[in-house]
Amino acid sequence: QVFQYINTLKIAKLTYSDYAEWWKHRNECRSAVLLDTGNGTVEAESESGNVQYRIILPDGKETITAFSAKLHLDGLKYENIERNISIPGDVMHSRAFDIRHVIQNGLDWWIKITE
């Protein structure tokens with residue numbers, strides 16, 4: 001069911017190697033962005049030509065776009081993304097004392113010092 005849900009959201013499925021490579025690339029990316037609210041434009045410079053920017057408007061609409069020059073904000077297609085973030089009622093349950101946590105911490109410590 002989890003992967004069916006991921007497929008409905010069209011989230012990319014990556015291997016651990018793919019994910020590590022993505023983070024390495026992201027860590028190397030350096031960019032500068034200048035917003036001109038008077039003209040409704042954004043200018044961006046990036047050391048890597050393969051950078052996408054997420055633009056979120058004050059009303060909550062957003063878009064993701066790649067650019068490396070001046071971009072007019074009104075020419076983009078925005079989506080209204082709903083975020084239903086709810087905190088479970090029993091969120092503190094995971095922090096309650098459990099003897100299994102103590103045992104696991106002890107085992108982790110033992111493995112660390114004996115390797």
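Predicted model: local features only at pLDDT ≥ 70, side-chain atom pairs only at ≥ 80, totals over all residues.
**Exercise 1. Is Glu 62 buried or exposed, and where is Glu 62 found?**

Solution. First, recall the scale: buried means under 20% relative accessible area, exposed over 50%, and partly exposed in between (1.4 Å probe, protein chains only). Glu 62 has a relative accessible area of 10%, so Glu 62 is buried.

Next, find its element. Helices (H or I, at least four residues) and strands (E, at least two) are DSSP runs, numbered from the N terminus. Glu 62 belongs to strand β4, residues 61-66.

Finally, look at the neighbours, where contact means heavy atoms within 4.5 Å. Leaving out residues up to four places away in sequence, Glu 62 touches several residues, among them Arg 54, Lys 77 and Arg 83.

**Exercise 2. What does Thr 41 touch, not counting residues up to four places away in sequence?**

Solution. Begin in strand β2 (residues 41-46), where Thr 41 lies. With a relative accessibility of 4%, Thr 41 is buried. Its contacts, with residues up to four places away in sequence not counted, are Leu 34, Leu 35, Asp 36, Lys 70, Leu 71 and His 72.

**Exercise 3. How many aromatic pairs does the structure hold?**

Solution. Rings of Phe, Tyr and Trp (its six-membered ring) pair if their centres lie within 6.5 Å; planes under 30 degrees apart count as stacked, over 60 as edge-to-face and the rest as tilted. There are three aromatic pairs. In one of them, Tyr 19 and Trp 23 have ring centres 6.3 Å apart and planes at 80 degrees, so this pair is edge-to-face.

Both residues sit in helix α2 (residues 16-28), four residues apart, about one turn of the helix. Tyr 19, at 45% relative accessible area, is partly exposed, and Trp 23, at 39%, is partly exposed too.

Now try Trp 109 and Trp 110: their ring centres are 6.4 Å apart and their planes stand at 55 degrees, so the pair is tilted. Trp 109 is exposed, at 52% relative accessibility. To finish, notice that Tyr 19, Trp 22 and Trp 23 form one aromatic cluster.

**Exercise 4. Where is Lys 10 placed, and what is its phi?**

Solution. Lys 10 is in the loop between α1 (2-8) and α2. At a relative accessible area of 76%, Lys 10 is exposed. Its phi is positive, about 55 degrees, although Lys 10 is not a glycine. For background, most residues other than glycine have a negative phi.

Key. Residues numbered from 1 in each chain as written. Heavy atoms only, no water.
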